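Subject: A structure for you to look at

Hello,

Here is the structure I promised to pass on.

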Amino acid sequence: MHLLCVVALLGLVMLCISYQPDEKTCVQFAIKVAYFLLSTLSLVVCVLAVAFASYCYSQITQFTCETISETCQCKLDTEDPLSRTFIYQDVAECPDFLGIFKLYLLIQIVLNLLAALVGFAACFVMWKDRYQVFYVGIRLYPSTVTGVQQQKV
């Protein structure tokens, strides 16, 4: 979350700096590089967060739970005696708790996915702005320009 805030603030700073063509200022170049690297890092972190929350959500949907004296005890496989038991303390109702927990994970998945898409868009725009501009170096004038004579071969 903090990384996304830093990237957003750096993007706002980029908007406030007056644009110099051909990156003639070191400050402008340094901010662009930092913005691109932090956007890339935030993209990776958000994708990892989506993967982790999705994994947790898929496991929670397979739980078999029961309430035992103010604790919610959940197992993945009730037939396996060595199956890991997850204990949630101070929970009166397991189904309500798991429903809220699933909703929380779904919201987390959606928000991290949106943040990853924004990070991808920022990286794509920065990359396209920097490397998709082609300079030919020679400006070709049409033959009808006054003062320019064509040589006959």
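Predicted model: local features only at pLDDT ≥ 70, side-chain atom pairs only at ≥ 80, totals over all residues.

The torsion about the S-S bond of Cys-72 and Cys-94 is about 135 degrees, so this disulfide is right-handed. Cys-72 sits in strand E2 and Cys-94 in helix H3, so the pair ties together parts that are 22 residues apart in sequence. The S to S distance in this link is 1.9 Å, and a disulfide here is a pair of cysteine sulfur atoms within 2.5 Å.

Residues are numbered from 1 along each chain as its sequence is written, and side-chain values use heavy atoms, with hydrogens and water left out.

**The two disulfides**

The count of disulfides comes to 2. The other one joins Cys-65 and Cys-74, with sulfur atoms 2.1 Å apart. The link of Cys-65 and Cys-74 is also right-handed, with 115 degrees about the S-S bond. If you count the bonded cysteines along the chain, the pattern is 1-3, 2-4.

Are these cysteines buried or exposed? Both Cys-72 and Cys-94 are buried, where buried means under 20% relative accessible area, exposed means over 50%, and partly exposed is in between (1.4 Å probe, protein chains only). For Cys-72 the relative accessibility is 0%. Cys-74 is likewise buried, with a relative accessible area of 0%, whereas Cys-65 counts as partly exposed because its relative accessibility is 26%.

**Around Cys-72**

Which residues does Cys-72 touch, leaving aside its neighbours within four places in sequence? Cys-72 is in contact with Cys-65, Glu-66, Phe-86, Ile-87, Tyr-88, Val-91 and Cys-94, a contact being heavy atoms within 4.5 Å. The C-alpha atoms of Cys-72 and Glu-93 are separated by 7.4 Å, although these two residues are 21 residues apart along the chain.

**The strands**

Strand E1 (residues 64-68) pairs with strand E2 (residues 71-75) in the antiparallel sense over 5 bridges. Strands are DSSP runs of E with at least two residues, helices are runs of H or I with at least four, and both are numbered from the N terminus. Two strands count as paired if DSSP finds at least two bridges between them. E1 and E2 form a hairpin with 2 residues between them, and Ser-69 in the turn has a positive phi of about 45 degrees. Across this pairing, Thr-67 stands opposite Cys-72, and Ile-68 has Thr-71 as its bridge partner.

On to the next strand: E2 and strand E3 (residues 85-89) run antiparallel and are joined by 5 bridges. In E3, Phe-86 is the residue opposite Cys-74. In a regular strand the side chains alternate between the two faces of the sheet.

**The helices**

Ser-42 is placed in helix H2 (residues 26-60). Ser-42 counts as buried because its relative accessible area is 2%. Not counting residues up to four places away in sequence, Ser-42 touches Leu-3, Leu-4 and Val-7. Cys-46 is buried too, with a relative accessible area of 4%.

Helix H3 (residues 94-131) holds Val-110, which is partly exposed at 48% relative accessibility. Val-110 belongs to a nonpolar surface patch together with Leu-103, Ile-107, Leu-111, Leu-113, Leu-114 and Leu-117, and the patch has about 660 Å² of accessible area. Patches are made of residues with over 30% relative accessible area and no salt bridge, with like charges joined within 9 Å and nonpolar side chains (Val, Leu, Ile, Met, Phe, Trp, Tyr) within 5 Å. A salt bridge is a side-chain nitrogen of Lys or Arg within 4 Å of a carboxyl oxygen of Asp or Glu.

**The chain as a whole**

The chain has 3 helices and 3 strands, in the order α-α-β-β-β-α along the sequence. Of its 153 residues, 22% are buried. Among contacts with a separation of 6 or more, 51% are between residues 24 or more positions apart. The accessible surface comes to about 11,900 Å², and 66% of this belongs to carbon and sulfur atoms. These areas come from the Shrake-Rupley method with a 1.4 Å probe; for residues, only the protein chains shown count as cover.

Best wishes
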